[in-house]
There are 2 protein chains.
Amino acid sequence: MTHQPTGQATAAARLLGLLARDLAPDRLTTDPAATAPYATDRSGARPDGQPLAVVHAEHPDDVRTTLRHAHALRVPVVPRGAGTGLSGAATAPEGTLVLDLARMNRIVELSPDDQLAVVEPGVITADLDRAAAAHGLRYAPDPASAAISTIGGNIATNAGGLRCAKYGVTRDSVLGLDAVLADGTVIRTGRRTVKGVTGYDLTALLTGSEGTLAVITAATVRLRPIPVATATLAAYFSSFAAAAAAATAITAARIEPAMAELLDGPVLAAIDGAQDSNLRARGAALLLVQCDGAGAAEEAAHVARVLEGRAASLDITGDPVEAEALLAARRLALPSLERLGRPLIEDIAVPRSQLAEAVRSIEAISAAHGVPVFTLAHAADGNLHPILVIDPALPDIPEAAWAAASDIFATALRLGGTLTGEHGVGTLKRQWLADELGPDTLALHHRVKSALDPHNILNPGKAI
Amino acid sequence: MTHQPTGQATAAARLLGLLARDLAPDRLTTDPAATAPYATDRSGARPDGQPLAVVHAEHPDDVRTTLRHAHALRVPVVPRGAGTGLSGAATAPEGTLVLDLARMNRIVELSPDDQLAVVEPGVITADLDRAAAAHGLRYAPDPASAAISTIGGNIATNAGGLRCAKYGVTRDSVLGLDAVLADGTVIRTGRRTVKGVTGYDLTALLTGSEGTLAVITAATVRLRPIPVATATLAAYFSSFAAAAAAATAITAARIEPAMAELLDGPVLAAIDGAQDSNLRARGAALLLVQCDGAGAAEEAAHVARVLEGRAASLDITGDPVEAEALLAARRLALPSLERLGRPLIEDIAVPRSQLAEAVRSIEAISAAHGVPVFTLAHAADGNLHPILVIDPALPDIPEAAWAAASDIFATALRLGGTLTGEHGVGTLKRQWLADELGPDTLALHHRVKSALDPHNILNPGKAI
């Protein structure tokens with residue numbers, strides 16, 4: 001008697017047969033050695049098992065075909081960009097089909113006159129920014145991962161970045177989307193105009209939905225003029241709390257910098273260790289502030305007045321090359337921490353007045369659990385990244401790290417904040433979701449999810 | 001034999017009985033003379049009949065009670081702020097219950113430190129802005145109706161305004177909402193932080209949904225620093241097309257003014273007629289540009305260089321009082337037109353490079369149908385308000401006016417634009433909705449609507 005496959009296994013086999021029949025041969029990978037890396041993403045989260053196969057879409061029709069069959073057969077699909085997400089939203093457990101959009105990487109249109117671009121989801125964010133720069137424009141959202149992450153992934157997580165203090169998050173730069181619903185229906189949301197209120201804001205609904213509501217096949221994004229000038233300040237402080245208080249003082253002075261990045265002492269030491277720099281010796285925390293636009297120098301001078309008497313040292317420059325050198329420390333932070341182990345990057349945001357209080361709480365939590373915490377913050381947004389670095393030799397995240405993370409989330413909520421400012425919920429933060437949303441609002445999320453994806457095939461078990 | 005009421009009439013009678021039982025006596029108006037004015041709104045659209053009654057909510061519990069009963073009895077509910085909407089979204093036909101939120105007008109909290117306010121929906125927009133000003137802050141969205149419209153209504157339509165070129169539309173200033181779903185369930189969306197991605201962006205989904213998805217009972221809105229300086233330019237042109245081309249040239253020069261308002265010759269003449277001014281003699285179109293922030297003067301000088309050789313005359317001022325005098329013309333435009341008849345205000349938006357082309361098309365449509373058109377534009381957004389002034393003695397909108405409006409919408413779509421930039425679809429633009437959205441995307445709207453309001457009691461027949 002032959003072994004009867006389960007219903008699930010039958011569906012999977014049938015799906016692979018249909019995809020092999022209906023997709024071009026180079027679009028489908030079923031070799032386990034080749035599909036294994038798609039099980040995880042930059043979060044380091046490892047689900048059980050590995051995906052059935054990977055579809056490498058090159059055209060919206062590949063997405064439609066894949067979803068139509070997966071929907072009919074009820075096989076879960078995990079959309080994926082570059083896999084640089086930090087919350088596990090692109091992890092693909094046993095029995096899932098990965099829908100990889102990395103090959104859809106064309107900039108379809110770049111209109112300097114309308115200051116917009118139409119891009120496929122697999123375009124690397126920094127590539128779009130570079131293409132825009134040739135016209136004196138830029139794509140404003142700049143997640144720290146811009147050199148390696150895709151626009152589609154940025155939209156799926158509603159990525160933030162360094163410049164969003166002034167220019168907003170990804171959502172604020174997405175004008176419209178082409179997307180495919182779970183059943184293969186093609187929709188188009190939004191528009192090419194900077195304003196428009198016809199219909200519901202489905203563009204915003206899909207942005208940040210972590211691949212659970214639809215698969216994006218193109219995005220119309222807003223471009224903005226490159227500022228005519230920038231002025232950048234680097235201030236060192238004797239303590240992280242003093243630096244956080246200084247950042248709050250800038251907000252309280254009614255200044256709106258384009259960027260205000262905060263790095264604590266342990267982060268500075270990690271950068272020094274990796275880059276042979278000497279930052280930690282200059283202070284226990286570094287605050288980087290950038291002002292831009294026609295009033296950049298005047299705004300920066302105002303920032304300097306606010307920081308006077310608070311900072312241990314202060315450098316200021318209007319030269320973009322010098323500014324890049326100052327900002328390099330911030331950009332090197334995560335790669336430097338990755339040399340120490342597997343970073344578990346938290347991403348809380350608090351009302352801006354609570355930044356210093358959040359910093360104090362994080363330091364107390366670190367001490368109470370005996371877990372070193374490295375903290376970066378987008379200070380002008382109240383968005384903190386407390387980072388726990390896990391020994392990569394350990395099979396699992398240690399209990400103390402989970403306990404510290406849990407206390408950090410509780411702190412965020414106690415201070416009127418949120419679990420995740422810009423990285424998303426993915427799988428890693430799902431257990432705390434109901435604490436923030438409450439049961440009725442969470443139930444509403446599931447009603448919306450069911451309306452768009454009635455069989456729950458799109459990235460199940462993520463985000464909500 | 002007594003007359004048997006229909007099912008609908010029975011439901012209405014039962015609803016009124018339950019509301020009379022469960023609401024405080026001053027919350028319910030059933031006197032036809034008192035409810036009649038609630039049948040219409042500032043759009044002037046007149047539905048058949050008049051509403052059953054008006055509930056004047058003073059507390060979220062009144063909203064819950066009202067919706068719970070209306071949901072159980074399947075009676076349609078029309079949420080209403082100040083009734084200043086221009087698309088008919090607040091019109092209340094026969095058999096509907098009006099849920100008036102005007103009495104919920106408290107500013108619950110104003111936090112200068114966190115630069116946010118928590119407000120009830122009935123707060124007049126200008127009142128919030130004034131309260132913020134006491135702390136050096138402002139509520140950035142400034143619809144022309146700010147002195148008479150409510151925050152709740154602004155959110156329901158995702159209102160734009162004069163400053164949104166630089167500061168975004170209402171959605172960009174709404175951090176979170178307290179709302180009641182059709183069945184009386186209380187939800188809370190968003191947060192008090194400027195960034196946050198926990199869950200779907202239900203705040204944006206409700207913003208601009210014109211009362212069809214939920215009833216807002218409180219909003220957490222972002223406040224921003226009042227700019228340290230402004231510089232305002234008034235430029236007159238020999239033709240409207242030349243003025244529109246000049247506005248496009250400002251965008252092409254990579255300048256981002258806070259405001260760029262365009263008024264055509266007929267609007268200037270209407271203002272002159274109402275205000276005893278002398279604007280039309282100075283040119284056939286007026287472009288008002290405001291730059292703000294630390295670089296305001298430098299940006300305005302850049303604007304002046306772009307306008308040189310294009311404008312017939314140019315005034316520039318850094319004095320806020322003089323600036324207010326220049327902007328007064330814009331603020332007086334709609335009241336001046338209302339003296340001429342009932343304005344039917346269209347609200348198309350086009351990609352910014354298409355502004356001059358849109359202006360030429362509108363002029364041609366006006367000539368072809370023999371219908372005078374008065375046009376205002378938020379030029380930096382590509383958002384045009386072609387206004388048809390209808391003789392108030394006419395019982396209905398004349399055929400030629402509908403035909404001209406229809407051609408204007410077709411022009412917007414042909415140029416890659418939208419039916420409505422900031423006023424909403426309401427009842428007046430619904431017939432063109434499918435032209436813009438297409439059948440599959442429109443069907444998705446109905447799926448979302450059903451998920452939130454399965455019995456279709458919230459503002460049925462509006463928006464989608």
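**Cysteines, a buried leucine and an annotated span**

Me: In this predicted model, is A:Cys164 buried or exposed?
Reply: The relative accessibility of A:Cys164 is 7%. Since buried means under 20% relative accessible area, A:Cys164 counts as buried.

Me: How many disulfides are there over all chains?
Reply: A disulfide requires a pair of cysteine sulfur atoms within 2.5 Å. For A:Cys164 the closest cysteine sulfur, in A:Cys291, is 15 Å from its own, which is too far for a bond. In chain B, the cysteine sulfur nearest to B:Cys164 is that of B:Cys291, 16 Å away, and B:Cys164 is likewise in no disulfide. Over all chains, the count by this rule comes to 0.

Me: Is B:Cys164 buried or exposed?
Reply: The cut-off for buried is under 20% relative accessible area. B:Cys164 has a relative accessible area of 8%, and therefore it is buried.

Me: Which strand of chain B holds B:Leu233, and what is its relative accessibility?
Reply: B:Leu233 is found in strand β12, which covers residues 230-237 of chain B. Beyond its neighbours within four places in sequence, B:Leu233 is in contact with several residues, including B:Leu287, B:Val289, B:Ala300 and B:Ile316. The C-alpha atom of B:Leu233 is also separated by 6.3 Å from that of B:Gln290, although the two residues are 57 residues apart along the chain. B:Leu233 counts as buried because its relative accessibility is 0%.

Me: How far apart are the end C-alpha atoms of residues 47-226 of chain A?
Reply: UniProt, in an unreviewed entry, lists these residues for "domain: FAD-binding PCMH-type". The span is 22% helix and 25% strand, and its end C-alpha atoms lie apart by 42 Å.

How values were computed: Residues are numbered from 1 along each chain as its sequence is written. Chains are lettered from A and ligands numbered from 1 in the order in which they are written. This is a predicted model: local features need pLDDT of at least 70, side-chain atom pairs count only at pLDDT 80 or more; totals for chains, interfaces and linings use all residues. Side-chain values use heavy atoms; hydrogens and water are left out. UniProt positions are given in the numbering used here, feature names are shortened, and annotations may be inferred rather than shown by experiment. Helices (H or I, at least four residues) and strands (E, at least two) are DSSP runs, numbered from the N terminus. Buried means under 20% relative accessible area, exposed over 50%, partly exposed in between (1.4 Å probe, protein chains only). Contact means heavy atoms within 4.5 Å.
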